[in-house]
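Trainee: Could we go through this one together? I would like to know what stands behind the labels.

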Amino acid sequence: MKLQLALDLVDIPGAKQLVAEVQEHIDIVEIGTPVVINEGLRAVKEIKEAFPSLTVLADLKIMDAAGYEVMKASEAGADIITVLAAAEDMSIKGAVEEARKQKKQILVDMIGIKDIEGRAKELDAMGVDYICVHTGYDLQAVGQNSFEDLKKIKRVVKNAKTAIAGGIKLSTLPEVIKAQPDLVIVGGGITGQEDKKAAAAEMQALIKQA
Ligand SMILES: O=C(CO)[C@H](O)[C@H](O)COP(=O)(O)O
């Protein structure tokens, strides 16, 4: 099980500072969608250059023109690129094909999907690398989480790795770990803490014990 730090509310210097603080306790650093919107793929490039040994995920949430966007993110240095599960199958397949060419990986984000099991089975058959259940900020605000959806995908996914994102905190991490995802994605649970390094270290310790 790996730990991914999601950076959503920072600029490039802020991202570098945060990663420098917690890097020994995380496996993957995510350049979040708001950061890419504000700073462009330059954010991915600069973080990969500054931390070449860290795996960098570009949270582009691709919906169309997937092959092209995966190519551009790969050129910027992303190791993993996100595509939305709601995208057309043609787009998912295009993303996977381009990722194979570039020797990168695709994480598909299930945000907004209602038939979790059905879509997860289809995505698994299309050869995506990760399938991620995700409660975005707008649903977190009304108290939702993806813990049950994680159990659902764990039951049907045979090949892809499983991941979970959305409001995970130190207090809820044990429940997440029980369901044994391959990847736990945490943003505010680390970045919103006063001592970010300690928060990341505690989460890493729990994950390593699992
Ligand atoms: O992709 C995202 C929002 O769309 C976030 O990066 C993801 O939800 C993790 O952040 P947090 O732990 O703060 O919810």
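Trainee: What makes strand E5 (residues 105-109) mostly covered?

Mentor: Four of its five residues are buried. A residue is called buried if 20 or more other C-beta atoms lie within 10 Å of its own, exposed if 12 or fewer, and partly exposed in between, with C-beta atoms placed from the backbone. Strands (E, at least two residues) and helices (H or I, at least four) are DSSP runs, numbered from the N terminus. Bear in mind that this is a predicted model, where local features need pLDDT of at least 70, side-chain atom pairs count only at pLDDT 80 or more, and totals for chains, interfaces and linings use all residues. Residues are numbered from 1 along each chain as its sequence is written.

Trainee: How do you know that E4 (residues 80-84) and E5 pair?

Mentor: Pairing requires that DSSP finds at least two bridges between the strands; E4 and E5 have five, in the parallel sense. Leu84 stands opposite Asp109 in E5. From E4 the chain crosses through helix H5 (residues 89-102) to E5, a right-handed β-α-β crossover. Right-handed means that, with the strands pointing away from the viewer, the path from the first strand over the helix to the second runs clockwise.

Trainee: Why is Lys61 called partly exposed?

Mentor: Lys61 has 18 other C-beta atoms within 10 Å, so the count falls between the buried and exposed limits. Lys61 lies in strand E3 (residues 55-62), and its phi is near 45 degrees, a positive value in a residue other than glycine.
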